[in-house]
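Dear colleague,

Please find below the structure that I am handing over to you, with its sequence. My notes on it follow directly after.

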Amino acid sequence: MKFTLQDLGLLDAPPEPDFDNLTQLACDLMQVPVAHISVLDRDKKRIFFKSQQGHTGDLLRSRELPMGQTYCQQVPLKSAPLIVNDARLHPALKGTPAQTPDQPRAYIGMPVYMPAGQVIGGLCVMRPDPHEWSEAEIARASKLAGCVSDLIHLRVAIRTSEQSRREQRDFVYAISHDLKSPANTLRMIIDEIILEKDRLSPDLQGFLGNGLAALSRMDTQIEDVLTYAHTIGPKQGFTTVDLSQLLAEVIAHRQGMIDETGATITAEALPTVKGDAIQLRAMLDNLISNSLKFTRPDVPPRITITVRHDPEWRGHRISIADNGIGIPKQDQTKVFDMFTRLHLPDIYPGTGIGLALCRRAAENHNGTIAVASDGTNGTTFTVTLAEAA
Amino acid sequence: MTSPPIKTVITIDDEKIDQLLYKRIMERSGLIETVIPFRMAQDALDFLALEDRVTVDAVFVDINMPRMNGFEFLDIAAERFGSDFAKCVVVMLTTSLDPEDQARAEASETINKFLRKPLSIEDLQEVAQLVLNPT
């Protein structure tokens, strides 16, 4: 098994509404006073109740019973339903505590499965008096147990996906760092050759410059991949983030580009949201630096940032509009895809990661990003983010 | 000196330096007479559409390029130029490590060869065989 019962919160874990809802439904639908989800702990030879309705006294507090004292163990041990109309007459329970006074007389235990098919316990319903369970009642209990299994499958799927995203992120970090070191070595080698470049033909001297340019492109690419990697993986703790503050940081970071291009940036007051500051800063930085980069020759960039609060949707729409070269309609859907570039690298350099990162960051915040442009007169990117709760 | 076995190839790759290096290695191989480079797939399509153009023996095309990628280019070229385009040897030459790209190239009827950069003289010799002995 890939995850233990503890990993999945099924053993020694507090009750949770998603399971409690089902046991509550079981009581209502089956018209019984007691229902629970029992999980067999083979190591400690006990039954743990992940969810319980109608338990009293010590059991209510301990939420567990030693094996041997329960009907429920029969279900995982035999991997089969157990249907008891009268415990005192049932052959499988002969000589067990189930046949002592005060124990429920009628009982149904339906198997609960892990995704691979292993029975880990059961959804059990019981009543104090003997009862001839009808086919309909048995079918109902079976369906409810199916819902419990589905909940567990969903949990396994979420854990698996979180785990693989974490692995993916770690892998990207590792491979990026490993790529940096040979790139640095190469740079040093080229620097050495440059010291004695007079011994080379003019042709080869030209290649040295090209080699250095290729290496710095590789550096940018690795940096961008690393920033992107930060958006992969299970959601980290969100904090309160002041977007105006982030924008000020981005503008300071890009001051060189702004001075060089003679850009003007006007921005309305940006809201404070709940989020990951690194991701949101990377998103703003990519959108602003795109607006500074994709410009017409001799036309200074003009960037206008506007904010609309949408009370109905309880979110903010932040638009970043520029007067640059625009994005043709037919390319607008693919600009958010990883590694998509629309231009030759020597005209508008780039790695094709920036907008993929923006989309990922927006989606990680349950937001969206969209582009609008007529293909010649500027581009407007609009990001929606939920308001801080 | 005998004339090179391959008269004309076109190379489609957005990387300027890679284009420069292709040209050098192709010239050095002595296998190719003329290399016509394109940095955007659309420009190559426009060239292939010319009525008075030279016959192209082989096409070397990258996958990841701005606007139109190598697969899109080949689809359009095959549809637009039909059997005329089918006569030239198509080589996909790429840094792509994506196994899906390779599988797609192998499944394609248009693509005769899938090569990984960097291009070597041995690669060119194999391509020359394909040009000289079409199967």
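This is a predicted model: local features need pLDDT of at least 70, side-chain atom pairs count only at pLDDT 80 or more; totals for chains, interfaces and linings use all residues.

I begin with strand E5 of chain A, which is mostly covered: seven of its eight residues are buried. Buried stands for under 20% relative accessible area and exposed for over 50%, with partly exposed in between (1.4 Å probe, protein chains only). Helices (H or I, at least four residues) and strands (E, at least two) are DSSP runs, numbered from the N terminus.

Residues are numbered from 1 along each chain as its sequence is written, chains are lettered from A and ligands numbered from 1 in the order in which they are written, and side-chain values use heavy atoms, with hydrogens and water left out.

E5(A) belongs to an open sheet of six strands with antiparallel pairing, in the order E3-E2-E1-E6-E5-E4 (chain A). Two strands pair if DSSP finds at least two bridges between them. Strand E3 (64–66) and strand E4 (82–84) of chain A are the edges; each has a single partner strand, so one side of each is left without a neighbour in the sheet. On average, neighbouring strands of this sheet are turned by 25° against each other, direction ignored. Axes are lines fitted to C-alpha atoms, for helices over the stretch in contact, and angles run from 0 to 180 degrees between N-to-C directions.

E5 (residues 106–113) of chain A is joined to strand E6 (residues 119–127) of chain A by eight bridges in the antiparallel sense. Within this pair, A:Tyr107 has A:Met126 in E6(A) as its bridge partner, and A:Gly109 stands opposite A:Cys124 in E6(A). The hairpin of E5(A) and E6(A) has five residues between the strands, and A:Gly117 takes a positive phi near 105° there. Towards E4(A), E5(A) pairs in the antiparallel sense over three bridges; here A:Tyr107 is the bridge partner of A:Val84.

- Helix H1 (residues 17–30) of chain A touches strand E1 (34–41), strand E2 (46–53), E5 and E6 of chain A, and its direction makes about 70° with that of E2(A). Contact is defined as heavy atoms within 4.5 Å.
- Helix H4 (residues 135–195) of chain A touches E1, E4, E5 and E6 of chain A, and its direction makes about 30° with that of E5(A).

Another open sheet has five strands with mixed pairing, in the order E8-E10-E11-E13-E12 (chain A). Its edge strands, strand E8 (264–267) and strand E12 (368–372) of chain A, each pair on one side only. E8(A) and strand E10 (residues 302–310) of chain A run parallel and are joined by four bridges; in E10(A), A:Ile303 is the bridge partner of A:Ile265.

A:Gln330 lies in the loop between strand E11 (315–321) and helix H9 (354–364) of chain A. This residue counts as exposed because its relative accessibility is 60%. Its C-alpha atom is separated by 9.0 Å from that of A:Gly375, 45 residues apart along the chain.

Chain A as a whole

Chain A has nine helices and 13 strands. Its domain assignment (bounds from an automatic or database domain assignment) gives domain 1 (17–161) and domain 2 (235–389). The centres of these two domains of chain A, taken over C-alpha atoms, are separated by 54 Å. The radius of gyration of chain A is 31 Å, but a compact globule of 389 residues would have one near 21 Å. This radius is taken over C-alpha atoms, and the globule rule is 2.2 Å times the number of residues to the power 0.38. Along its principal axes, the C-alpha trace of chain A spans about 100 × 55 × 35 Å.

Chain B

Chain B contains five helices and five strands, which follow the pattern β-α-β-α-β-α-β-α-β-α along the sequence. Its radius of gyration of 14 Å agrees with the value near 14 Å for a compact globule of 135 residues. Of these 135 residues, 47% count as buried.

Yours sincerely
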